[in-house]
Structures are given as structure tokens and as C-alpha cells.
Amino acid sequence: MTLPDIAVVVPAIYNSALVKKNSTDNDPWGLEFTKTNTAGGGAFKVDKWTPGTEVIYFRNDDWRSGPLPKLKR
């Protein structure tokens with residue numbers, strides 16, 4: 001189920017410190033920031049993002065929280 005989950009960008013894990021740093025009084029949850037910026041972490045990084053069209057990920061070779069995925073992109 002990992003690949004189908006990666007293809008759906010709705011469920012996401014964000015770097016809370018980065019989102020909080022970019023939140024405002026009008027946007028206390030930082031949702032506007034996350035609409036146009038990446039703020040995640042994990043085994044993959046975003047290579048290309050066209051909202052509503054595609055997301056292309058590439059392997060984060062610096063990730064150390066488990067074995068690296070075999071897929072590079």
C-alpha cells in the first residue's frame with residue numbers, strides 16, 4: 001500500500017517547526033505556506049509538483065530512519 005499512499009498527497013506529515021515558522025496571524029495553521037512549499041521529511045523528497053496534475057518524488061539518500069527504498073524516483 002505504500003506506493004498508492006505516496007501517490008495521494010492529501011495525507012501528509014509536515015515538519016512542524018518549518019510550518020510554524022511560516023504561519024501568520026491570518027493563517028495560524030500554515031496552510032497557505034504548505035499549498036506552495038514542501039515541508040515534509042522522510043525517505044522521499046519532492047522533485048516536481050504541479051498542483052492538481054502530478055507529483056514526482058526522488059529518494060532522500062540522507063534519510064536515516066530506516067532502510068533506503070530501492071526506488072530512486
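What pattern does the protein chain follow, read along the sequence? Some notes on that and the rest:

1. The chain reads α-α-α-β-β, with three helices and two strands. Both are DSSP runs numbered from the N terminus (helices H or I, at least four residues; strands E, at least two).

2. Keep in mind that this is a predicted model, where local features need pLDDT of at least 70, side-chain atom pairs count only at pLDDT 80 or more, and totals for chains, interfaces and linings use all residues. Residues are numbered from 1 along each chain as its sequence is written, and side-chain values use heavy atoms, leaving out hydrogens and water.

3. Strands S1 (residues 44-50) and S2 (residues 54-59) run antiparallel, joined by six bridges; pairing takes at least two DSSP bridges. Lys 45 sits opposite Phe 58 in S2. Three residues lie between the strands of this hairpin, and Gly 52 has a positive phi near 80°.

4. The whole structure has four salt bridges (a side-chain nitrogen of Lys or Arg within 4 Å of a carboxyl oxygen of Asp or Glu). One of them links Glu 54 to Lys 48, with the closest N and O atoms 2.8 Å apart. Another joins Glu 32 and Lys 35 at 2.9 Å; both lie in helix H3 (residues 31-36), three residues apart, about one turn of the helix.

5. Arg 59 bridges to Asp 61 at 2.7 Å. Arg 59 is buried at 17% relative accessible area, while Asp 61 is partly exposed at 41%. Buried means under 20%, exposed over 50%, partly exposed in between (1.4 Å probe, protein chains only). Of the chain's 73 residues, 16% count as buried.
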